[in-house]
Amino acid sequence: MSTILLPIKPEYAYKILSGEKKYEYRKRIASLDVTRIVIYATYPISKILGEVSVSGHLKDEPQKIWDITKESSGITIEKYNKYFSDKKIAYAYCLKKATAYQKPKQLEEFGISYVPQSFTYLKECPYCGQLMLYDGGTCVNSRSVEHIIPESLGNIEITIPSGHICDKCNNYFATHIENEFLNIESIKTLRSFHRITSKKGKIPELSALFAGEETKIELDAKTGNMFIGLSPETVFRLMKSDFPQMFITRGIDINTLRNNYVVSRFLVKVFTEINLYYALKCHLDRNLLLIGDKKFRELFDYVRKGSKSKKTYSYTVEQTKEPNPLINDDFICSVEITYDDSCKLTGMILNLYELEFILNIW
């Protein structure tokens, strides 16, 4: 599932965009499944004219490929035979819908500084497939840093730089995955216990029972002060009482975090991003590592599009110790990728303060 840029002679580029040419012949093709071709018309045009979707490819002896494709080849038999004169195997991309750009684009707009001899993979958002576009070397549709663990859980360091996940997906994750996870009551309680501020500098209120009255505890992140809202009647009663009073807060209800669609999507989002993070850290080709893998394609779609049936991937969650409320601990989080005995990737272990999530993908 990838996009490539192909340099194509102008006469054939225009035939593809008009729909006359339904096959693009090549002596070699990309190792990944190609679903889209961006068309670069070579000299004297020397510009990107549009793109075309790809349904697959053919591979066979040149004569057999010609017999199958000649009606929509867009090329003469003489030129075809000359092109494959020294080859025993021919390839043909099967082209579908073509789209001409309103304004031709330069290679630099796709982050490319040279004309590839054969083809080159284009950088696209792994979640939605949007191509990364550039202006003066700066990616214009992926300006935001993506936090693998949300800032509202204390993370400011484990991030994916801009230029890899598009801003639309970044914003979608924040609204429809991270916020929903952060607003689960047990997660809000955990954040309150550890006084973790949101991006706006707020600590979630903590529900409590104090002096027999249900109330909310508000925590001030700047001063460290705690404010308890009580009715005048309760305050008056406390002033007259010689007995010490206790407040009781809710604990973490681990059962609300089990078999939970919101939790599942959050874990898969972290899992896909941490793999992308390591690929970038190790200077690996992220296309070959992630986008070309069918299982990862399934996971990317699950994170970006969700599941109508509210499917949950297999995971467990346990509370590893009792929390110590209102103690300002440092951010405690670890993410570990897990493998089986044959070194096959199996999932992830996410430790988040007193909680341990184990995700099993396969």
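Start by selecting arginine 26, which sits in strand β2; strands here are DSSP runs of E with at least two residues, helices are runs of H or I with at least four, and both are numbered from the N terminus. Before going further, note that this is a predicted model, in which local features need pLDDT of at least 70 and side-chain atom pairs count only at pLDDT 80 or more, while totals for chains, interfaces and linings use all residues. Residues are numbered from 1 along each chain as its sequence is written, and side-chain values use heavy atoms, with hydrogens and water left out.

Is arginine 26 buried or exposed? Arginine 26 counts as buried because its relative accessibility is 10%, and buried means under 20% relative accessible area, exposed over 50%, and partly exposed in between (1.4 Å probe, protein chains only).

Now show the side chain of arginine 26 along with that of glutamate 24: a polar contact of 2.8 Å joins the two. By polar contact I mean a pair of N or O atoms within 3.5 Å; within protein, one must be able to donate a hydrogen and the other to accept it, and residues adjacent in sequence count only if both atoms are side-chain atoms. Next, find the backbone oxygen of proline 7, which lies 3.2 Å from a polar atom of the arginine 26 side chain. Leaving out residues up to four places away in sequence, arginine 26 also touches several others, including Tyr83, Phe84, Tyr91 and Ser118; contact means heavy atoms within 4.5 Å.

Zoom out to the sheet. Six strands form an open, mixed sheet in the order β2-β5-β4-β3-β1-β6. At the edges are β2 (23-26) and β6 (120-121), each pairing on one side only; two strands pair if DSSP finds at least two bridges between them. Strands of a sheet pair through backbone hydrogen bonds, either parallel or antiparallel.

Color β3, residues 34-41, and β4, residues 47-60: they run antiparallel and are joined by six bridges. Click isoleucine 37 and you'll find valine 52 of β4 opposite; arginine 36 stands opposite serine 53, also in β4. The hairpin of β3 and β4 has five residues between the strands, and there serine 46 takes a positive phi near 55°. On the other pairing, seven bridges join β3 to β1 (residues 2-8), and these two run parallel. Leucine 5 has valine 38 of β3 as its bridge partner. How many residues of β3 are buried? Seven of its eight, so to speak a mostly covered strand.

Jump to helix α9, residues 294-305. Its 12 residues reach 16 Å from first C-alpha to last, close to the 16 Å expected, where the expected span is 1.5 Å times one less than the number of residues. Among its buried residues are Phe296, Leu299, Phe300 and Val303.

Next, select serine 342, in the loop between β16 (333-339) and β17 (345-352). Serine 342 is exposed, at 57% relative accessible area, and its side chain makes a 2.8 Å polar contact with the side chain of aspartate 340.

Finally, show everything. The chain has nine helices and 18 strands, and 47% of its 362 residues are buried.
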